[in-house]
Amino acid sequence: MKHISKTADFILLGCFALAVALGPFIFAPIGAGYPDLLQKFAIYGIFAIGFNILFGLTGYLSFGHAAFLGVGSYAAVWSFKLVSMELLPAIGLSVLLAGLLALAIGFVSLRRSGIYFSILTLAFAQMCYNMAYSVLTPITNGETGLRVLRTDPRYLDSALGYSAKMPTLFGLEITGWTGYYICGVVLIAAFGLSNAIFRSPFGMTLRAIKSNQNRMGYTGFNSRPYLLSAFVMSGMFAGLAGALLAATDPLAGAERMQWTASGEVVLMTILGGAGTLLGPVIGTGIIKYFENIFSAYNETMLSAMFSFVPDGVREPLVKFMSLFVGDGWQLTLGLIFMAVVIFLPGGVMEGVMRLFRVKHTPRVRSLGDSPQRDMLGESIIEEMPSDYDSSGAHKHPAKNNVTPVAP
Amino acid sequence: MDAFILQILNGLDKGGAYALIALGLTLAFGTLGVVNFAHGALFMLGAFCAVTLNKLLTYEIVRIDPTRTTPWGSPLEVKTPYVQAMLGDWGKFLIDYSVPVSILLAIPVMLLIGLVLERGLIRFFYKRPHADQILVTFGLAIVLQEIVKQIFGANPIPQVAPHIVSGSLALTDTIVYPYWRIVYLAFSVVVIAAVFAFLQLTTFGMVVRAGMQDRETVGLLGINIERRFTIVFGLAAVVAGLAGVMYTPILPPDYHMGMDFLVLSFVVVVVGGMGSLPGAVLAGFLLGIVQSFASMNEVKALLPGIDQIIIYLIAVIILLVRPRGLLGRKGVMES
């Protein structure tokens, strides 16, 4: 086992904080230097960091994480309606409720693993989504979405004689650049927390579970409480992201809970590199950038871009390119998704590592067997001997899941 | 009692669709060991085969009708589908029957799509874990549905059943049941029976079943099991496509119909038991009927919103009480 020094972690955290602080200047050259988009980077970054604690560390692929984001949003809006326009009570309520929901869903879902776990979480998330549209309409306001109104009671605010039009943090309105820096501070905190979890004995246990859960069981180790804790933690991160989402845009709708939203966070995490510290944040940045910039393009802009191409070629070229931008950006998204899973299962981080030929970075062959790496590219758990992978039991797709007896 | 029968009937045709999709999913899973999240997209592609054929057949040309004139005395221009103009009554018949005729188009098209997908993409994922398979097929599903959206637009495109079965059957005074749903039910039963007969009665099917049991031994006997499994994947795509073609008069197809059905059919597969073909069929019909009972007004009054969540609720209960599903085999997808 390699030991990562605490100094390296602090340097990483410092660099990350610096990057967040300089965000407006870093992203300005690529046309992303405006607060609304950067807020989204930060918020979905928190979401993906939380998802990574579950998927990256334990390998359990949840397809229902959007439910926690949605519950967080609803809880925050209710807090803005009933308690106060302050952000802190909203965050507290969101994290608490999302954590409780994660506890309930995780308790049931984690009794199964593999694809069954994925389908169970998907089923629960769809259940929440459908309920938000039907039975729970009094709480969620159905298709209209839940919004903050001026006439809402806000008992704490009226008791203190405080009034604000928008959600605030200590009186600062969470909009524009203020909003970005508030989200950014939370993102840095989330990043530091996830760093701490990665380095802790708890994180090590989760990696061991991913590496070989059966062997953990054989040694008399009960893995479920650890898995459940990881699941609840990642649910709470999602709830936190949901609260911030509601604070920057005080309207909560059920479409945030749809399973395509769950798919998106999976994509962000694996695009950046599941199991790495920085990966999810980078993946989020790429996806949200594509979503905002590419979906804004249209044919006129494309024609202007390709004005140097001869006329005869330009028209078909623009027609072809316009399939991938504007309304068609999801097509691009799907193609990126496939390309990453096929060619770069370790995500962007893996690509960067290979580019710089960092030592001890074995090539990741698949998401499932991705060696446990951290940001510095050092293998934390020793690799299995190479003949382990090529033993008969693993060659066989239908028996893929039959865990081979330890050699 | 009438309401009871009606709900069972209502559930059966939806159950037929679930069963067909789940059957294809299970075929792909049982043979290739691949969890295919793009299977719903194949269902959608099948439905758009019907749309394409209908669009091709009803392409209109303008002709001058010599026997009639407009009120102003000039020759009357009429728009006729060119098929009708060329083939006369035959063309009319063809347009009327465009949905069932699409089956003939859908079989080769879906078979080709299935084979290309398997050879071009899925086969590289046999040795990778299920999470990778889920993710790459999820990406594929997004790509397929976005392509369809680019070509056909985002709005649902209604299709009509042939005139002869467009009415409803009055079982009693209170039970009215559209003929097309009976057709769909019969069709799904026939397709399911055909798939089972193919697997049980032919030599090819025997080899495939043997391969599902023990792929290595079959391979050692000198049989090219890979190629047979490729064909089975094509077959699964055809089954999904046919389910989609015939479902178009019930639900106007749009580009995301596949996703909506996919989540449900995965639940069906899990309830039936991963890797069990009879389980998939049984669970498909069962869940279809349960869902239609849950959407009865009396039930909804008692338990509001139950119709929306009943299927997921059942899946959760089944997985916890009987983790292998109703008819699941031992050792499938168990860690």
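Colleague: Which residues does Y289(A) touch, not counting residues up to four places away in sequence?
Modeller: Y289(A) touches I30(A), A32(A), F41(A) and F294(A) on that count, where contact means heavy atoms within 4.5 Å. This is a predicted model, where local features need pLDDT of at least 70 and side-chain atom pairs count only at pLDDT 80 or more, while totals for chains, interfaces and linings use all residues. Residues are numbered from 1 along each chain as its sequence is written, chains are lettered from A and ligands numbered from 1 in the order in which they are written, and side-chain values use heavy atoms, with hydrogens and water left out.

Colleague: Which helix does Y289(A) lie in?
Modeller: Y289(A) lies in α14 (residues 279-294) of chain A. Helices (H or I, at least four residues) and strands (E, at least two) are DSSP runs, numbered from the N terminus.

Colleague: Other topic: α3(A) and α10(A). At what angle do the axes cross?
Modeller: Roughly 50°, and the axes of α3 (residues 35-58) and α10 (residues 201-211) of chain A come within 7 Å. Axes are lines fitted to C-alpha atoms, for helices over the stretch in contact, with angles from 0 to 180 degrees between N-to-C directions. The two helices are therefore oblique to each other; angles under 35 degrees count as roughly parallel, over 145 as roughly antiparallel, 65 to 115 as roughly perpendicular and the rest as oblique.

Colleague: Which residues of α3(A) and α10(A) meet?
Modeller: I53(A), F55(A), G56(A), L57(A) and T58(A) of α3(A) meet G203(A), L206(A), R207(A) and K210(A) of α10(A).

Colleague: Now the interface. How much area is buried between chain A and chain B?
Modeller: About 4600 Å², with carbon and sulfur atoms giving 73%. Buried area is the accessible area (1.4 Å probe) that two parts lose on being put together, summed over both. In contact are 47 residues of chain A and 47 residues of chain B.

Colleague: What does R181(B) meet in a salt bridge?
Modeller: The side chain of D13(B), at 3.3 Å, N to O. D13(B) is in α1 (residues 2-32) and R181(B) in α7 (residues 179-201) of chain B, so the pair ties together parts 168 residues apart in sequence.

Conventions. A salt bridge is a side-chain nitrogen of Lys or Arg within 4 Å of a carboxyl oxygen of Asp or Glu.
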